[in-house]
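Here is a model to look at, with some questions about the words used for it. Each answer sets a value against a definition.

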Amino acid sequence: MKLILAIVNNDDAHSVSTSLSREGFSVTKISSTGGFLMSGNSTFLIGVDDADADRATAIIAENCQKREQFVPSSIAKGGISSMPRETTKVTVGGATVFVLNVEQFKHL
Ligand code: 2BA
């Protein structure tokens with residue numbers, strides 16, 4: 001069994017969730033915050049049989065888009081900028097996905 005941890009943009013979270021559920025996957029969505037932009041995103045926990053891991057990640061990929069975001073350069077430069085209003089373009093997403101081996105799964 002695998003545990004898929006998928007961090008997705010909040011704007012994609014609804015379609016990721018409904019598409020996975022429609023395909024029979026059990027999904028838990030957690031509200032999370034990106035450490036760099038400090039803005040909200042969504043983290044999905046999806047326990048799947050080994051044989052279904054690729055199908056689940058493909059569904060996530062189909063439902064997540066890359067987005068370009070402009071952030072204050074001070075954030076991108078770790079809080080230091082001589083031009084306070086200067087912005088830097090950051091590409092966020094589609095999805096950041098970790099696939100972990102599960103030692104035990106119990107539904108008690
Ligand atoms: P954030 O940490 O808010 O990062 C948002 C975007 O900012 C990232 O998009 C990336 O393009 C950029 N970024 C992040 N750290 C950076 C840095 N130190 N310097 C320059 N640019 C940086 P994504 O890579 O698509 O990541 C989207 C979200 O996925 C992240 O939000 C974070 O919540 C999560 N994430 C990404 N990689 C991760 C990892 N290795 N471990 C844990 N969470 C991760």
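Predicted model: local features only at pLDDT ≥ 70, side-chain atom pairs only at ≥ 80, totals over all residues.

Q: Why is the contact between Arg55 and Glu23 called a salt bridge?
A: A salt bridge is a side-chain nitrogen of Lys or Arg within 4 Å of a carboxyl oxygen of Asp or Glu. The side chains of Arg55 and Glu23 meet at 3.4 Å, N to O. Residues are numbered from 1 along each chain as its sequence is written, and side-chain values use heavy atoms, with hydrogens and water left out.

Q: What makes the pair of Arg55 and Glu23 a tie between parts of the chain?
A: Arg55 lies in helix α2 (residues 53-63), and Glu23 lies in the loop between α1 and β2 (28-33). These parts are 32 residues apart in sequence, so the pair ties them together. Helices (H or I, at least four residues) and strands (E, at least two) are DSSP runs, numbered from the N terminus.

Q: Why is Arg55 called partly exposed?
A: Buried means under 20% relative accessible area, exposed means over 50%, and partly exposed is in between (1.4 Å probe, protein chains only). Arg55 has 36%, so it is partly exposed. Glu23 has 43%, so Glu23 counts as partly exposed.

Q: What is Arg55 linked to in a network of salt bridges?
A: The network holds Glu23, Asp52 and Arg55. Asp52 and Arg55 form a salt bridge at 3.7 Å, N to O. Asp52 has a relative accessibility of 22%, so it counts as partly exposed.

Q: How many salt bridges does a search of the whole structure find?
A: It finds four. One of them joins the side chains of Asp12 and Arg67 at 2.8 Å, N to O. Asp12 is in helix α1 (residues 10-22) and Arg67 in strand β4 (residues 67-72), 55 residues apart. Are these two buried or exposed? Both Asp12 and Arg67 are buried.

Q: Why do such pairs form?
A: Side chains of opposite charge can pair when their charged atoms come close.

Q: How do you know which residues Ile30 touches?
A: Contact means heavy atoms within 4.5 Å. Leaving out residues up to four places away in sequence, Ile30 touches Asn41, Ser42, Thr43 and Leu45. Ile30 lies in strand β2. Its relative accessible area is 39%, so Ile30 is partly exposed.

Q: How does the radius of gyration of the protein stand against the globule rule?
A: The radius of gyration is taken over C-alpha atoms, and the rule is 2.2 Å times the number of residues to the power 0.38. For 108 residues, a compact globule would be near 13 Å. The protein has 17 Å. Its C-alpha atoms fill a box of roughly 55 × 25 × 20 Å, taken along the principal axes.

Q: What pattern does the protein follow along the sequence?
A: It reads β-α-β-β-α-β-α-β-β. That gives three helices and six strands.

Q: How much of the protein counts as buried?
A: Of its 108 residues, 28% do.
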